[in-house]
Amino acid sequence: MISFQKRLLLSLTTLFVVSFLLLGFFLSVTLSDRIYESKKNDLLKQASHIIHMIKEDGDTVHYLSSEDTAVDQIMIKEDGKVIYKSSSLNKKQLEASLRKWKDNSETTEFFRDYNNDNQALLIQNKDDFAVYLIDDMTEIDDIITQMWEYLIIILLIVLPVVYIIVRYINKSYIAPISEVTYASKLLAEGNYKVRVPESSVTETKDLYISINILARTLQSLNNEQKLQRNRLETTLQNIPSAILLVNNHGDVVISNDTYNRLFNNDGPSLKGYYEEAIAYSAINRMIKEAIATEKTINETLDIKINVHQKYFDAAVVPVLSKTRKKLEGVVIVLHDITQLKTLEQMRKDFVANVSHELKTPITSIKGFSETLLDGAKNDAESLDMFLNIILKEANRIQVLVSELLELSKIERNNHLQLTPVDMSDKVKNCVEVVQPLALKKNLEIKMNLDDEVFVQAEPSKLKQVIINLLSNAINYSSDNDEIIVNVRQQDGLSILEIKDNGIGIAREEQIRIFERFYRVDKARSRDSGGTGLGLAIVKHIVEVFNGEIEVDSRLGEGSTFRVTFKAL
């Protein structure tokens, strides 16, 4: 696209050139007409004078020879006969030229022959005389040529002046407008740091000042908007609840990180129509109802995400305009209450389990006590048997209460002092402790221990973990079998593995064995005096030590418990 300066320069140059051409044309025509008229009058006077002199003085040749005339060629006819002719006049050439001109029937005629050295011809018919005067007209070409030279010189002087004026207009008025236009485009694109240099031209100075003030104001507003947006985004992204914003067209415009993590597998933010973007019908139903009624909808949703069942306290809140006459969109807040539900269920299960665990020994103690009071105490053999049963049940209650207190202390995690512990030595000590229990079932405990496998732990609690796992392996193993204990360091980890060939654990039960009071084989657990709290205690201790515990088991083929800690 041609710049304004070039277009202006081209326009003015064209205007001046055309103007000078038109001026030269009109001047040429005017000068030609004036010169022709002057030449005609001059020749007419001379012709009249010649006729008058011929009439008064018949000696024409003498007169014409003596008369100082400015006419190049003269021919005079009287009654059609040539009475005088200039020596330079070619009669045949004149007659040939006259044939191309008008018929000389009029009294006076004036012609110009462009083909014959640009000559003028005057024919004067008067009183039987015909005077032919031929004169040179080349001076008119010289005058017009000189006029055009002057016009061209003036034009060549004017064009640089026009160029200078155009440059001045461009610099003083057009360039500032271009700069302001460019700055406006940058402002429209969001570059609010742009500034234009202030102009010394009065007409554009205010424009420069105004655009700079506008840029500063927009930059200030943009910074404030960015600050507010960052605060809002930070707030939304750090809110633990999942949040969605759907506009009045039904398109999802905001989904925070919590929603993307819970419902979108850490994928990108949702976009598009909500029924297509949101894959959960319960949420879509609440959104549709809130849009239709323009009222807040609150529900507790039970949603299955992957393989997990989660519970959400859901609220869909319509966003109305200031006049509350137009729906701007809806905000969806999904607060994960799965943990609360789980804790509530655990509390109920805990109360039920504790009640169940205490009911049997208390019933036994009460029943045998009443039996003794009814007279069985008089029988020495019955007395000893009933008292032993009462003692056994009391011990079960004591163990249960002790393990509950122990679990509570571990969960508080405010009394443990962690120190480096050699796990291989600790395993040897624990095997010695449970060896008598293993000998009762004729079990062999094989140990594959690396030297100096250190972990950060509390020695007594680590011993409790190992003994619990060894005791479970012994309790759930068949007679005359073996238990393998491995301790090694691998990939920066200290690993403890306890493997048995016992009854094994079904896959669907493996995720629950670390729950309180959960037993794989309830009858065997009760016979062995187990409370169902051992693995729950083990899990909590391992987590306090920043470790992990996992089980690999198949039903009827045995189990392998693996505990990993960061190696020291």
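How many bridges pair E16 and E18, and in which sense? Eight bridges, in the antiparallel sense. Keep that pair in mind. We will come back to it.

Good morning, everyone. What you see above is a predicted model. Let me start with the whole chain.

The protein chain has 568 residues, and 37% of them count as buried. Its secondary structure comes to 15 helices and 18 strands. Now take the contacts between residues at least 6 apart in sequence. Of those, 58% join residues at least 24 apart.

Next, one annotation. UniProt, in an unreviewed entry, places a "transmembrane region" at residues 147–166. What does the model show there? The span is 100% helix and 0% strand. Its end C-alpha atoms lie 28 Å apart.

Further along comes helix H5, residues 202–238, which holds Ile-209. Is Ile-209 buried or partly exposed? Partly exposed, because its relative accessibility is 28% and buried would need under 20%. Glu-198 is eleven residues from Ile-209 along the chain, and their C-alpha atoms are separated by 6.7 Å.

Now the sheet of six strands. The order is E8-E7-E6-E11-E10-E9, the sheet is open, and the pairing is antiparallel. Which strands stand at the edges? Strand E8, 272–273, and strand E9, 297–305. Each has a single partner strand, so one side of each is left without a neighbour in the sheet.

Look inside this sheet at E6, residues 242–247, and E7, residues 251–255. They pair in the antiparallel sense over three bridges. Leu-245 stands opposite Ile-254 in E7. A helix joins in as well: H8 packs on the sheet and touches E6, E9, E10 and E11. The direction of H8 makes about 160° with that of E9.

On to charges. Side chains of opposite charge can pair when their charged atoms come close. How many salt bridges does the model have? The count comes to seven. Here are three of them.

One is between Glu-275 and Lys-288, at 2.9 Å from N to O. Glu-275 sits in helix H7, residues 274–277, and Lys-288 in helix H8, residues 281–293. That puts them 13 residues apart. Glu-275 is partly exposed at 34% relative accessible area. Lys-288 is partly exposed too, at 47%.

Another joins Lys-310 and Asp-336, at 3.9 Å from N to O. This pair links strand E10, residues 308–320, to strand E11, residues 327–336, and the two residues are 26 apart. Lys-310 has a relative accessible area of 21%, so it counts as partly exposed. Asp-336, at 27%, is partly exposed as well.

The next one is between Glu-497 and Arg-488, with the closest N and O atoms 3.3 Å apart. Is Glu-497 buried or exposed? Buried, because its relative accessibility is 10%, under the 20% cut-off. Arg-488, at 25%, counts as partly exposed. Salt bridges that share partners join Arg-488, Glu-497, Glu-550 and Arg-562 into one network.

Back to our opening pair. E16 and E18 belong to an open sheet of five strands, in the order E13-E15-E16-E18-E17, with mixed pairing. The edge strands are E13, 444–449, and E17, and each pairs on one side only. On average, neighbouring strands here are turned by 15° against each other, direction ignored. For a specific spot, find Ser-494: it stands opposite Phe-565 in E18.

Helices lie on this sheet too. H11 lies across E13, E15, E16 and E18, running at about 175° to E13. H15 lies across E17 and E18, at about 140° to E17.

Last topic: the cores. In soluble globular proteins, nonpolar side chains tend to be buried together. The largest nonpolar core here has 39 residues. Which residues have the most contacts inside it? Leu-469 and Leu-496. Several elements each supply at least two residues of this core, among them H11, H12, E16 and E18. The largest share, seven residues, comes from H12.

Leu-469 makes contacts well beyond its sequence neighbours. Leaving aside those within four places, its contacts are Ile-498, Leu-535, Val-538, Ile-549, Phe-561 and Val-563. There is also a second, separate core of 25 residues, and it includes Leu-270, Ile-287, Ile-303 and Leu-334.

That is the tour. Thank you.

Note on methods: Residues are numbered from 1 along each chain as its sequence is written. This is a predicted model: local features need pLDDT of at least 70, side-chain atom pairs count only at pLDDT 80 or more; totals for chains, interfaces and linings use all residues. Side-chain values use heavy atoms; hydrogens and water are left out. UniProt positions are given in the numbering used here, feature names are shortened, and annotations may be inferred rather than shown by experiment. Helices (H or I, at least four residues) and strands (E, at least two) are DSSP runs, numbered from the N terminus. A nonpolar core is a set of buried Ala, Val, Leu, Ile, Met, Phe, Trp, Tyr and Cys residues joined through side-chain atoms within 4.5 Å. Buried means under 20% relative accessible area, exposed over 50%, partly exposed in between (1.4 Å probe, protein chains only). Contact means heavy atoms within 4.5 Å. A salt bridge is a side-chain nitrogen of Lys or Arg within 4 Å of a carboxyl oxygen of Asp or Glu. Two strands pair if DSSP finds at least two bridges between them. Axes are lines fitted to C-alpha atoms, for helices over the stretch in contact, and angles run from 0 to 180 degrees between N-to-C directions.
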